[in-house]
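Please read these notes with the model open beside you. They go point by point.

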Amino acid sequence: MALSIDTLQPAGHSLLIRGAQAILTGLPGAHGRSDARDIRVRNGRIDAIGSLAPEPGERVLDASDCVVYPAWVNTHHHLFQSLLKGDPLGINVTLMPWLTAIPFRYRPAFDESRFRTAARIGLVELALSGCATVADHNYLYAPGLGFDTSDILFEEADRLGLRFVLCRGGQTRVRQVEDTLPASLRPERFEQYLADVERLAQRYHDPAADARRKVVLAPTNPLHGVDAGQLRESAAFARGLGLRMHTHLSETVSYQDDAHRIAGKSAVQYCADNGWVGQDVSFAHLVKLDAEEIALLGATGTGVAHCAQCNARLGSGIAPVEALEAAGAKVSIGVDGAASNEAADMYSEVHAAWLMQRAKEGEGTRARLHGGEGEAGRNRTTVEDVVRWATAGGADVLGLTDLGRIEVGRVADLALHAVDAPRHFGLHDLGIAPVASGGGRVKALLVGGKQVVDDGVLAGLDVDALRHEARAAVAWMREHATPL
């Protein structure tokens with residue numbers, strides 16, 4: 001039987017998380033771990049951290065088989081792709097043929113019901129890996145679509161008790177002749193796009209640092225989806241409304257070629273020349289960058305949503321996030337769409353990010369016999385770094401700076417990760433288990449102090465019903481997909 005959110009502890013009550021095996025805080029350096037084992041939550045915020053005794057009438061959550069992290073903040077997703085996992089036509093190809101074979105081919109098959117099912121699957125998968133905040137780069141918009149994908153996304157996140165950031169995607173031009181496209185792929189008029197962003201901002205956007213809902217202006221592709229004038233105007237428009245900006249950038253070497261062919265300069269310089277760098281801007285991917293681009297992104301404090309598994313799955317490469325952070329850029333973690341990341345949860349994502357950054361550092365080594373320094377200096381990325389990127393880093397990229405850290409006074413978005421499975425047996429340091437062991441189970445997920453996951457069960461969710469909906473939707477969509 002599905003739990004109801006209302007049956008779990010309300011945010012205003014006092015809750016004591018007691019006896020954790022370890023607490024990783026999301027803070028930098030030596031502050032990335034706490035020596036404490038107990039956390040008190042009161043009125044939705046962290047009230048105390050230390051060795052704490054229960055207060056009269058206080059609910060106690062036993063964390064003796066758990067480690068406690070800030071809840072994950074996922075800064076880049078495509079939730080509609082949750083019904084597009086593992087299609088054989090897209091599993092062994094790179095980005096451009098994958099776009100044609102999967103998202104473009106299936107977009108016409110989405111109606112309101114299938115879109116809602118896909119969104120729910122993705123949100124559930126994320127929540128059950130300890131994610132409380134989801135930023136979705138949704139680009140299913142077209143003139144006359146017939147249903148409002150934005151409203152559905154906010155509704156589904158609310159239903160599950162999660163924070164939601166809508167990165168309102170879309171395009172005003174396409175690479176194909178419009179007359180040959182199905183209605184679901186046709187571009188919007190630029191004025192229509194801006195008008196809808198403003199409508200969504202008025203309806204949903206909360207500028208607060210602990211907001212439950214935010215809206216971000218996020219054209220799908222700055223080189224191919226809008227022209228330079230529209231890119232400049234959209235930046236001014238977003239800043240006039242107090243909105244952040246987000247888009248895809250420099251995912252592949254083809255993007256580097258396209259930037260120089262279209263604009264005569266690097267992709268990052270093109271964006272900078274059109275107002276698209278700064279503390280209020282983030283880019284997904286940033287896999288292929290030259291040194292000047294890294295320096296520019298760092299100097300402007302621009303953000304990156306690092307999507308390690310998707311970039312590996314599509315053969316794009318590994319983003320230089322260590323170098324970006326060293327230069328001054330803000331690093332966060334994004335899962336990206338399930339159609340190019342068949343394990344679209346945060347456990348697998350942070351595990352991959354940790355391993356791939358260490359592998360990338362190792363790729364830069366040279367043997368001493370060839371004039372190098374051997375393995376020296378190639379062990380920089382730690383589990384604590386990855387936890388910080390996926391919590392505080394994500395919160396900062398999204399303007400949710402009251403989240404993502406375990407400190408007194410911060411919002412209590414917390415995940416208790418169970419470390420009692422065979423994969424954890426023999427671990428000398430249980431604190432690293434959720435990242436280093438590549439998976440786990442969420443014993444409890446708190447969002448603003450309210451528990452929405454209880455021992456691996458998400459409140460309000462009928463898993464069996466969702467599984468049947470997903471299977472039926474996949475069968476229908478495979479039958480009705482647009483022929484290649």
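1. In which strand is Ala444 found? Ala444 lies in strand E17, residues 441-447. Helices (H or I, at least four residues) and strands (E, at least two) are DSSP runs, numbered from the N terminus.

2. A word on the basis. This is a predicted model, where local features need pLDDT of at least 70 and side-chain atom pairs count only at pLDDT 80 or more, while totals for chains, interfaces and linings use all residues. Residues are numbered from 1 along each chain as its sequence is written, and side-chain values use heavy atoms, with hydrogens and water left out.

3. Is Ala444 buried or exposed? Ala444 counts as buried, because its relative accessibility is 0%. Buried means under 20% relative accessible area, exposed over 50%, and partly exposed in between (1.4 Å probe, protein chains only). Leaving aside residues up to four places away in sequence, Ala444 touches Leu61, Leu414, Ala415, Leu416, Gln451 and Val453. Contact here means heavy atoms within 4.5 Å. Leu416 is 28 residues from Ala444 along the chain, yet their C-alpha atoms are separated by 5.1 Å.

4. Look at helix H6, residues 253-262. Its buried residues are Tyr255, Asp258 and Ala259. Seen down the axis of H6, these residues fall within an arc of 100°, so they line one face of the helix. The arc is that of the directions from the helix axis to the C-beta atoms. An α-helix has 3.6 residues a turn, so residues three or four places apart point the same way. Asp257 and Arg261 are exposed on the other side of H6. The cover over the buried residues of H6 includes E12 and helix H7 (267-273). After H6 comes Gly264, with a positive phi near 75°.

5. How many cavities of 30 Å³ or more does the structure hold? There are two. On a 1 Å grid over the protein atoms alone, a cavity is a set of points where a 1.4 Å probe fits but cannot get out; a pocket is an open set with protein on both sides within 12 Å along at least five of seven lines; lining residues have an atom within 4 Å of a point. Grid points are joined across faces, edges and corners, and a volume is the space filled by probe spheres set on the points.

6. The largest cavity has a volume of about 60 Å³. Its lining includes Arg244, Met245, His246 and Asp280. Strands E12 (244-249) and E13 (281-285) are the elements that give two or more residues to this lining. E12 gives the largest share, three residues. The lining divides into six nonpolar, three polar and two charged residues. Ala, Val, Leu, Ile, Met, Phe, Trp, Tyr, Cys and Pro count as nonpolar, Asp, Glu, Lys and Arg as charged, and the others, Gly among them, as polar.

7. The second largest cavity has a volume of about 30 Å³. Arg107, Phe110, Leu140, Leu145, Phe147 and Ser184 line it.

8. The second largest pocket has a volume of about 230 Å³. Of its 15 lining residues, Lys85, Ile121, Leu466, Arg467 and Ala470 are the closest to its centre. Helix H14 (463-480) gives the most to this lining, six residues.

9. Finally, the cysteines. The structure holds zero disulfides (pairs of cysteine sulfur atoms within 2.5 Å). For Cys131, the nearest cysteine sulfur is that of Cys307, 13 Å away. Cys131 is buried, at 0% relative accessible area.
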